[in-house]
Structure formats: structure tokens, C-alpha cells
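Colleague: Thanks for going through this one with me. I would like to know what stands behind each term you use.

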Amino acid sequence: MAVTISDVAHAAGVSKGAVSYALNNQPGVSDATRGRILQVAKELGWKPSLRAKGLSSAKAYALGLVVARDPKLLGTDPFFPAFIAGIETTLAEHDYTLVLSVATAPGAEERAYRKLADGGRVDGVILTDVRHNDSRIGLLRELKLPAVTLNRPDSDSPFPAVSMDDTDGITAAVEHLLALGHVRIGHVGGAQEYIHGRSRRRAWEAAMAAAGLAADLFAEADFTAPGGVAATAELLRRPDRPTAIVYANDLMATSGQSFAQSQGLSVPGDLSITGYDNAEFTQYLNPPLTTIATDPMRWGRVAAQALLDQLNGTHSGEDTDLQAPSLLVRASTGPAPSTTTKPAP
């Protein structure tokens, strides 16, 4: 059973009011009495109630995360569980909780943010899946809701960002494939409304241009497994089909690899494949997936800490740049075939 203020008052021989003054560091008791009360509370194992703490300080002791994705997809994309686990790990260290809202219906996302702000249900929010000209920046300004963003928006934003540069990892993947003799290197990108979808496509384009090659084997998808299959099929139907494909995440790469194999193509004999994220399952695929190793759990931890620091007035206001991800070479990439050994599916 939890230790209450009444228990502390009884053990210390003082009133509940005196205990409240002492535990909340408020005037009204002598230093000697305050010290005795704090010592008794420590010995009894008293811990503050977040509800009572919130009422006394006008804080919710909660952060918000609104995810505008199909709930079914959240369970299949390995990024979000690891990212949320990172947030929760940091919040637990500070006696905060996470309020998660999934908003997929038209207008649901704005309503979710307004609901979190109304009545002070959360003290701030973490903004993920930042979009081109993201309207949520203006909304959060209007709501006066503190926030951090994952990556720096391409429009004016007053909020600090926690960023991870996509460029080095995608560039390394393209250069790895070039070194293996590939020249027809395609890219299956995520939705281009997202900042990270665009930045990964642009990194692929820049790496191809630097090698003097055309970046014309692009198919847009949506970071999902079905989207990866559809985009892979689109590229493989082309008469100049790629001999290698750089994917914007592991989920699309995994489904693309499976589809190519189902069409009789050998990976990597006929088609080399790279992913992005280094989800744990990718090392167990056949063949294991060459991918770009990121750390979504650390991203969640750092984003949560940046927002807590902002709320506590200790954040510098500067962006935080995480270590750039690196290429992890496995068996899904190999030398380019001398000719296209299998017809397009």
C-alpha cells in the first residue's frame, strides 16, 4: 500500500499541513521540522502522487505524441515501437508519462493537438513525421504548446529540433553499390510529403549525379510493406530495370526483396537491395539485409530529454544533431550482373 501524507504526519508527530509545506518546499515550518519530516518520509518510502503533484504545480507531468498513421501499421513498422520505448525510458526517469494519440480520420490530427492543449492535459509534445510546409508548426504556436521536432522543418519553426542526417547513410549505400559495379541503381522512397522521405531521395539523387549517372529509377511509396511491393514491381517492370535498389526503410526493403524472389530473381545475384533503419529482424532474412544502421530508441530518449529541458528552462534552444547513421553491409548486396540475367517480372 502506498505511503500517504497522513502516514508521514503520524510518524513525524506533526499535522498533515506541516507535511505538505515541507514536502512541497513551501514556507510555514521551521528548518528543523522540515528536516525531520523529510527524513521520516524517506524512511517510510513516501513518493509523490503525480496527480497531486500536477495539481499543486499546474503541470500535467505528461508529454504528448500524436501519430497520424493507421494503427495496424504502427505494429509492423519497427521504428515507432523502438522510438516510443526510448521516450518512455526517459520519461520514467523523471516521473512523467506519455499520452499517445493515433489520429487517422480527416481533421483528427488537429483535434488531437487541441484536446491535448485544452485543460493542460500535457506540458508539451514531440512532433514526428515532419512534413513539407508543416501546418502543425503554426497550430502549436497558436496553442502555445511547447514542442520539439524530429528533424528541422523546411518552414520557419520556433521549436528546437532533434535531427539525424540521412545524407551520409544513403550516400554510402549508393557508393557501396557503385563499387560493386552497379550503374542502374533505383530508389524506393517514402511519401514525399515527409521531410525524411524527401531528404533520402535527394541524397540518392546527389550520389547518382556525383557518379555521372541519371537518377531516373525512382518510385514513391509510403514506408509500408504493401507500398514497398508495389514500388518494387513498378521498377522491375521497366525495360531498363535496376540491378540494385536503395530503399528508404527496412520494411519496404524486406517486402521488396520477398517480391523480387517470388518473381524468380536472385538476391543479390540479379538484384541487390539495401534498407534503412537496421531493424533487428533484418539480420535474419535470407539473405540478411544490407542496411543503414540508425538508433530510434536513442532518438526517442534524446527528443524526450530535449522537451523536458525546455519545460524546465534549461534547454539552450539550439538543435541537437545525433550521430549520422552508417552503412551495415550484409549479404543482400553483391556484384552487378554482367547482363540482366532474368527478364523483368
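Modeller: Happy to. A cavity here is a set of points, on a 1 Å grid over the protein atoms alone, where a 1.4 Å probe fits but cannot get out, and lining residues have an atom within 4 Å of a point. Grid points are joined across faces, edges and corners, and the volume is the space filled by probe spheres set on them. By that rule, the largest cavity has a volume of about 230 Å³. This is a predicted model, with local features needing pLDDT of at least 70 and side-chain atom pairs pLDDT 80 or more, while totals for chains, interfaces and linings use all residues. Residues are numbered from 1 along each chain as its sequence is written, and side-chain values use heavy atoms, leaving out hydrogens and water.

Colleague: How many cavities are of 30 Å³ or more, and which residues are closest to the centre of the largest?

Modeller: The structure holds three of them. The largest is lined by 18 residues, and closest to its centre are R69, F79, D129, H196 and R200. Helices α6 (79–93) and α10 (195–210) are the elements that give two or more residues to this lining.

Colleague: What makes you place the largest cavity between two domains?

Modeller: Its lining does. Domain 2 (62–164 + 297–322) and domain 3 (166–294) both contribute residues to the lining, so the cavity lies between them. The bounds come from an automatic or database domain assignment, which also gives domain 1 (5–47). The centres of domain 1 and domain 3, taken over C-alpha atoms, are 62 Å apart.

Colleague: What makes β3 and β4 a pair of strands?

Modeller: Strands are DSSP runs of E of at least two residues, helices are runs of H or I of at least four, and both are numbered from the N terminus. Two strands pair if DSSP finds at least two bridges between them. Strand β3 (residues 124–127) has three bridges to β4 (residues 147–150), running parallel, so the pair meets the rule. V125 stands opposite A147 in β4.

Colleague: Why are β2 and β11 called edge strands?

Modeller: The sheet is open and parallel, with six strands in the order β2-β1-β3-β4-β5-β11. β2 (97–102) and β11 (320–321) each have a single partner strand, so one side of each is left without a neighbour in the sheet.

Colleague: And what are the order and the edge strands of the four-stranded sheet?

Modeller: This open sheet is also parallel, in the order β7-β6-β8-β9. β7 (218–220) and β9 (272–274) are its edges, each pairing on one side only, and the twist averages 15 degrees from one strand to the next. Three bridges join β6 (residues 185–189) to β7, with H187 and F218 as bridge partners.

Colleague: Which strands does helix α11 lie across, and at what angle to β7?

Modeller: Contact means heavy atoms within 4.5 Å. Axes are lines fitted to C-alpha atoms, for helices over the stretch in contact, and angles run from 0 to 180 degrees between N-to-C directions. Helix α11 (residues 225–236) lies across β6, β7 and β8 (244–247), at about 155 degrees to β7. Helix α12 (residues 250–262) touches β6, β8 and β9, making about 160 degrees with β9.

Colleague: Finally, what is the omega of the peptide bond from V267 to P268?

Modeller: Omega is near 15 degrees, and the bond is cis. P268 sits in the loop between α12 and β9. The bond from N286 to P287 is cis too, with omega near 0 degrees, and P287 lies in the loop between β9 and β10 (291–293).

Key: On a 1 Å grid over the protein atoms alone, a cavity is a set of points where a 1.4 Å probe fits but cannot get out, and a pocket is an open set with protein on both sides within 12 Å along at least five of seven lines; lining residues have an atom within 4 Å of a point.
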